[in-house]
Amino acid sequence: MERDVAKFADGSVLVRLGDTHVLCTAKSVDGVPGWRRGSGSGWLTAEYSMLPAATSDRTPREAVRGKQAGRTQEIQRLIGRSLRAVVDLGSIGERTIYLDCDVLQADGGTRTASISGAYAALVIALQKLQPAARWPRLPLFEDVAAVSVGVVDGEARLDLDYEEDAAASLDMNVVLTGEGRLVEVQATAEGEPFPRETLDRLLDLAAGGAARIAAVQKATIAGGAASPAAGGDPPPAAGDPSPAGDPPPEAGEGAR
């Protein structure tokens, strides 16, 4: 991860996980959506997009097509839910924090990379806002990271690339807090159903991977830059959050 890559963002991080590269920015804006106005609480929302040349085949911009794809909306909501789970919205005042995740290059795991990068960008932004906002502490319950896992050729693997994801008999995205609590688990059998033991084994693998990502997040937030090795056997440990939820309609991860 590399921080401070976007001059005008309150917080920004370029996250690289293998050949998946995502630019994540955080920007605070005064005011909240109408349904939240007068509550005294803030809001956090996410937007996600892939650049046309992020994959081998050029993908037209959704703005040109005039509508967002269902996959995009799904990933935006996932990112938003994952980050709202760890942010104390009641203490930030009536402001909206926008998290923008733009995929520069995609080779699997773009939604999980977006969540991990967006969290780091968010913390950097909150640190910059803290003096003016006079928060006694950062409005965060925990930290959060996300990673993909799956079963390929009978083997449990961490951080699947595109080819592994396409060949997986089971793929799963896991969002974890620093305390190892689960924010979201998205698991799909691509054929035969899988036993509970496989789910538990993959959750343990994901917890170790999330711990490695969390260490990189901390180093990046502190001012350094680091990049974890993708795949392989991670050390034990796990994640970090608390409540959130999707309110009225608002603006979801998938192929690559």
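The model is predicted, and residues are numbered from 1 along each chain as its sequence is written. Local features need pLDDT of at least 70 and side-chain atom pairs count only at pLDDT 80 or more, while totals for chains, interfaces and linings use all residues, and side-chain values use heavy atoms, with hydrogens and water left out.

**The five-stranded sheet**

Begin with the open sheet whose five strands follow the order β1-β2-β3-β5-β4 with mixed pairing; strands (E, at least two residues) and helices (H or I, at least four residues) are DSSP runs numbered from the N terminus, and two strands pair if DSSP finds at least two bridges between them. Its edges are β1 (2–3) and β4 (43–50), each of which pairs on one side only.

Next select β3 (residues 20–30) together with β5 (residues 95–105), which run antiparallel and are joined by 10 bridges. Within this pair, serine 28 has isoleucine 97 of β5 as its bridge partner.

**The four-stranded sheet**

Keep α2 (residues 70–84) selected, for this helix also lies across β6, β8 and β9, running at about 145° to β9. These strands belong to an open sheet of four, ordered β7-β6-β8-β9 with antiparallel pairing. Here β7 (155–158) and β9 (182–189) are the edge strands, each pairing on one side only.

Now select β6 (residues 144–152) and β8 (residues 170–177), an antiparallel pair with eight bridges, in which valine 147 stands opposite valine 174 of β8. Helix α3 (residues 110–133) packs on the sheet as well, touching β6, β8 and β9, and its direction makes about 160° with that of β6.

**The helix pair**

Finish by selecting α3 with α5 (residues 196–221): their axes are 10 Å apart, and the two helices pack at an angle of about 30°. That makes α3 roughly parallel to α5, since angles under 35 degrees count as roughly parallel. Display Ser116, Tyr119, Ala120, Val123, Ile124 and Gln127 of α3 alongside Ile213, Gln217 and Ile221 of α5 to see the residues that make the contact.

Methods:
Contact = heavy atoms within 4.5 Å. Axes fitted to C-alpha atoms, helices over the stretch in contact; angles between N-to-C directions. Parallel < 35°, antiparallel > 145°, perpendicular 65-115°, else oblique.
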